[in-house]
Amino acid sequence: MWSRHTQDTILALIFSVWLGVYGEHEQGTLLTVNDVASYLNVPVNVKDRDVFHITTEEYLLALTDLTEELARLAVNSVTLGDYQRPLQISKFVKDLHAGFQILNLKNDILRRKSDAIKYNVSGALPAESRRD
């Protein structure tokens with residue numbers, strides 16, 4: 001019931017930290033699911049009792065949403081004359097995509113959204129190539 005809202009909250013947190021505008025992390029830092037749980041003061045993957053918690057699936061879905069936001073940011077950065085950020089985004093999204101490829105995803109939505117990451121990788125590439 002609250003899964004989409006939880007994913008959006010996780011996305012907002014990891015995107016803010018990645019941008020370096022929230023928390024004490026360096027720009028470009030990806031929070032782990034346990035880091036997110038710590039920030040939000042909630043447990044992760046609770047199966048033995050009925051409490052609000054973050055699931056690994058919600059975290060991974062938020063990461064797929066993050067790549068969409070970063071692809072948009074790459075294009076906007078070039079428009080504003082920031083040619084370094086798209087390079088950073090491209091490397092980060094490629095690394096994230098490589099991590100998703102290692103997973104054996106059986107969940108239909110998660111598998112589809114992780115497949116979409118490769119399009120977000122290519123979304124950052126045109127911005128990267130327009131540097132000249």
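Mentor: Let's start at aspartate 65, which counts as buried with a relative accessibility of 4% (buried is under 20% relative accessible area, exposed over 50% and partly exposed in between, with a 1.4 Å probe and protein chains only). Keep in mind that this is a predicted model, where local features need pLDDT of at least 70, side-chain atom pairs count only at pLDDT 80 or more, and totals for chains, interfaces and linings use all residues. Residues are numbered from 1 along each chain as its sequence is written, and side-chain values use heavy atoms, leaving out hydrogens and water.

What does aspartate 65 pair with? Its partner in a salt bridge is lysine 113, with the closest N and O atoms 2.4 Å apart (a salt bridge is a side-chain nitrogen of Lys or Arg within 4 Å of a carboxyl oxygen of Asp or Glu). Lysine 113 sits in helix H5 (residues 108-129) and aspartate 65 in helix H3 (residues 56-79), so this pair ties together parts 48 residues apart in sequence. Helices here are DSSP runs (H or I, at least four residues), numbered from the N terminus.

The two are also members of a network of salt bridges that links Arg4, Asp8, Asp65 and Lys113. Within it, aspartate 8 and arginine 4 form a salt bridge, 3.1 Å between the closest N and O atoms. They are four residues apart in helix H1, so about one helical turn separates them. Both count as partly exposed, aspartate 8 at 34% relative accessibility and arginine 4 at 42%.

Helix H1 also brings glutamine 7 into the picture. That residue is buried, at 6% relative accessibility. Glutamine 7 touches Glu58, Leu61, Ala62 and our Asp65, leaving aside residues up to four places away in sequence (contact means heavy atoms within 4.5 Å).

Now follow H1 to its contact with H2. Their axes come within 11 Å and cross at roughly 105° (axes are lines fitted to C-alpha atoms over the stretch in contact, with angles from 0 to 180 degrees between N-to-C directions). The two helices are therefore roughly perpendicular (65 to 115 degrees; under 35 is roughly parallel, over 145 roughly antiparallel and the rest oblique). H1 contributes Thr9, Ile10, Leu13, Ile14 and Val17, while H2 contributes Val36, Tyr39 and Leu40.

Tryptophan 18 and phenylalanine 92 form a tilted pair, 5.4 Å centre to centre with 55° between the planes (rings of Phe, Tyr and Trp, for Trp the six-membered ring, pair if their centres lie within 6.5 Å; planes under 30 degrees apart are stacked, over 60 edge-to-face and the rest tilted). Tryptophan 18 belongs to H1 (residues 3-19) and phenylalanine 92 to H4 (residues 84-102), so the pair joins parts 74 residues apart in sequence. Tryptophan 18 is buried at 0% relative accessible area, and phenylalanine 92 is buried at 13%.

Tyrosine 22 and tyrosine 39 have ring centres 5.6 Å apart and planes at 45°, so they too are tilted. Tyrosine 22 lies in the loop between H1 and helix H2 (33-40), and tyrosine 39 lies in H2, 17 residues apart. Both are partly exposed, tyrosine 22 at 43% and tyrosine 39 at 32%.
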